[in-house]
Amino acid sequence: MKITIIHGQSHQGSTYHIARILAEKLGGEITEFFLPRDFASFCVGCTQCFMQGEQRCPHYAALQPITQAIDAADVLLLASPVYVYHATASMKALLDHYGYRWMVHRPEAGMFRKQAVCISTAAGAGMKSTNKDMADSLFFWGVGRIYRYGLAVHACSFDEVSAKKRKQIENDTDALAKKILKRHGKVTPSWKTKAFFTAMRWAQKKGWNETDAVYWNEKGWTGAKRPWKG
């Protein structure tokens with residue numbers, strides 16, 4: 001199993017530790033990225049990725065190590081602490097660069113057979129909205145199964161997390177790892193993902209964006225082929 005973790009911060013706080021705990025329980029090869037250390041550019045809104053192809057993005061080359069690790073992974077972990085009730089600016093800046101991969105444009109076929117986990121922590125609240133920031137992109141990428149784990153750790157550093165909370169983390173990550181391992185190698189997208197893909201399929205038949213239309217036709221998705229079927 002290959003696991004790619006994208007940390008929405010460069011420090012190793014509670015969110016980092018939970019992501020590592022889960023990844024180690026899953027086993028396999030772990031690849032990690034820390035934002036903004038490993039990618040710090042903001043999308044400039046040039047629309048070149050949509051209209052001409054992702055290679056035209058001014059940050060395409062810098063993004064490639066992360067893109068390649070995402071594509072190679074069986075499981076993606078997006079981990080962000082809560083910053084004012086949302087994901088970090090660094091995480092948002094990264095996800096903005098993958099708008100061209102949304103199902104409305106040019107989704108990567110392998111996404112439909114992957115699993116992903118959104119992980120967030122805070123001293124108090126905001127995990128639901130933070131996880132939604134990340135889960136939105138995962139859904140529109142077509143990721144087959146998406147899990148969310150948010151926890152109020154009642155601490156400002158992992159060293160300060162209570163023994164009771166640490167026990168909860170162990171139990172929760174045990175259960176989550178069990179679910180992921182059970183589905184490993186046989187992931188199929190949810191009915192909601194399939195329904196949205198079908199809607200986008202009909203939109204692509206009209207060919208409103210030539211770059212997208214060519215992509216879908218080459219994949220055979222406007223016909224009988226589906227990305228989750230091989």
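The sulfur of Cys43 lies 6.5 Å from the closest cysteine sulfur, that of Cys49, which is too far for a bond. This is a predicted model, and the structure holds zero disulfides.

**Cysteines**
- A disulfide is a covalent bond between the sulfur atoms of two cysteines.
- A pair counts as a disulfide when the two sulfur atoms are within 2.5 Å.
- The 6.5 Å between the sulfurs of Cys43 and Cys49 is therefore too far for a bond.
- Cys49 is in no disulfide either. The nearest cysteine sulfur to Cys49 belongs to Cys46, 6.4 Å away.
- Cys43 is partly exposed, at 43% relative accessible area.
- Cys49 counts as buried, at 15% relative accessibility.

- Lys186 sits in the loop between helix H6 (163–183) and helix H7 (191–205).
- Lys186 has a relative accessible area of 60%, so this residue is exposed.

**Phe39**
- Phe39 is in the loop between strand S2 (29–34) and helix H2 (48–51).
- Buried means under 20% relative accessible area.
- Phe39 and Ala213 are separated by 174 residues in sequence. Their C-alpha atoms are 30 Å apart in space.

Methods:
Residues are numbered from 1 along each chain as its sequence is written. This is a predicted model: local features need pLDDT of at least 70, side-chain atom pairs count only at pLDDT 80 or more; totals for chains, interfaces and linings use all residues. Side-chain values use heavy atoms; hydrogens and water are left out. Helices (H or I, at least four residues) and strands (E, at least two) are DSSP runs, numbered from the N terminus. Buried means under 20% relative accessible area, exposed over 50%, partly exposed in between (1.4 Å probe, protein chains only).
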